[in-house]
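User: I have a model open and want to go through its packing. Can we take it piece by piece?
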Amino acid sequence: MKQLIILSLLTLTMTATAGEIVVHDGESILQALRQAREWRRLSDPRCEGGIHIILQAGRYYMNEPLFIRPEDSGTPTSPTVIRGEEGAIICGDPTQRHTQLFPQEGMLPLSAFDLEHRTITIPTPPKSVLRQKNIEMVVHQRWAIAILRVKEMKVQGEETVVSFLEPESRLEFEHPWPQPVIGGEKGNSHFLLRTTEQYDGIEQLITISGTEEHPVCFLSFENVTFEHTCWNRPLHQGHVTLQGGFPIIDAYKLQQEGLPWAASLENQAWIERPAAAVSVSWAQHVDFTSCRFRQLGSTALDYVIGITDCAIRDNVFTDIGGTAILAGSFAESPLEVHRPYAHLAPLCQRLTISGNQITGASSEDWGAVGIGCGYVRDVVITNNRVSHVNYSGICVGWGWTPLYTGMERNHIDNNTVTDYARQLYDAGGIYTLSSQPGSTIRHNEISAPHPAPYATNDRAFYIYLDAETDGYTIEGNHHDAQPVGREQTGFNHPGDHLIFR
């Protein structure tokens, strides 16, 4: 009786026809999912040929993430499709805003970085800045930034010594890479001080999550806009990263460098995944097509783990605070990030990322990227356009190791990458790590790196084969109608099985 009452209430608030559920502006997407779930549970004839949940034009505000579970799965002959009419927007809060205090524009060089006392010395700010509360220091660190909440500023004439809150103070000063550069090739690292309109807003809009035994299957989003999420981490913990926007949650420098798999290793680090507006875990045939992602505080779309035969096609990403498209494991905690792992790559395989347009990713976390794939295999990244990013454009691989990791047959072909490395160097239009046998970088159009104004070195490349990259065939890539050859490629201990044609 209770089930009949619930179903009756659901049908009163939305229009349902054979295989189609129409959600009107102001109504609940969750209720539509529940109705579709009941149709499948009861083997309703309306499931034949698939269930289409149609979002009419309007703003669908999320106070909590919409969870999509294995029970919401479709089948090969009866998929679940969530499709938006023009103007259908799933959204959260307006994003946090920052006011830059010092300097008024741009950044200034650091005067000193003190590992022992865990302080940074800067030129003395105006008294109006010294009186402010809840100040953050954003620090330029070659291939990453740190966001450090200020604890105290001690004025010493023309210079001021700044200390920071925990945990970011410990993480910033105990972990050696990356850290600010003092007296580098092109001078010192830079900083800025800012304050944030501080409040916690919603970070996640959609969470698609199955299990290894029961993945979410045959589900797709089409023509939906995802808009306005916040990024709360810096407000409470600061933000000290390893690379690619991944926050460090524990780290320290080895007293005696070297481990069995890396003789020169000097650090240990544990990371966590950045928040994502839309995340997908343990899923098969879960696709996003012709959607729009905009004004999102951290990662836009994240295919986390347990991914098989999925596709991200023809979407538009604009004004993304972190990475636009993230995929595969990056050896998050409880794993230590520098060890070689062979079991992770099969957990993200046969993913297609094609025809997407990415403009303005990494707007908040400069160390994030356009497309970032970690431990993956059989991933195809093709016909995407990536532009206006502050670090690297398209990144594939993780682990910094020549050892076998299961990463193989990854293809980065026919993409266009322009206006990258706008703020951070040690970057590439296309960037790779570790051994990936049977992989290709082919027929991409890549512009020259942006002349980043605060870079402390000149390490930015069209293609950057970083840290033991191996197994790639590299051919037919161009910049300004000229071929990209070895001379425009960055190398860092490359393997013996790279092929240039």
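User: What does Phe226 touch, not counting residues up to four places away in sequence?
Analyst: Phe226 touches Ile90, Leu205, Ile206, Phe221, Val278, Phe288, Cys291, Arg292, Phe293, Arg294 and Leu296, where contact means heavy atoms within 4.5 Å. This is a predicted model: local features need pLDDT of at least 70, side-chain atom pairs count only at pLDDT 80 or more, and totals for chains, interfaces and linings use all residues. Residues are numbered from 1 along each chain as its sequence is written, and side-chain values use heavy atoms, with hydrogens and water left out.

User: How many residues are in the largest nonpolar core?
Analyst: That core has 136 residues, and Phe226 is among those with the most contacts inside it. A nonpolar core is a set of buried (under 20% relative accessible area, 1.4 Å probe, protein chains only) Ala, Val, Leu, Ile, Met, Phe, Trp, Tyr and Cys residues joined through side-chain atoms within 4.5 Å.

User: Which strand gives the largest share of this core?
Analyst: Strand β37 (residues 460-475), with 9 residues. Strands are DSSP runs (E, at least two residues), numbered from the N terminus.

User: New topic. Why is β12 largely enclosed?
Analyst: Because 6 of the 6 residues of β12 (residues 135-140) are buried. Ile135, Met137 and Val139 lie on one side, with Glu136, Val138 and His140 on the other.

User: Which residue of β15 is the bridge partner of Glu136?
Analyst: Arg194. β12 and β15 (residues 190-196) run antiparallel, joined by 5 bridges; strands pair if DSSP finds at least two bridges between them.

User: And which residue in β13 partners Met137?
Analyst: Leu148. In the hairpin of β12 and β13, Arg142 takes a positive phi near 65 degrees.

Technical notes. Buried means under 20% relative accessible area, exposed over 50%, partly exposed in between (1.4 Å probe, protein chains only). Helices (H or I, at least four residues) and strands (E, at least two) are DSSP runs, numbered from the N terminus.
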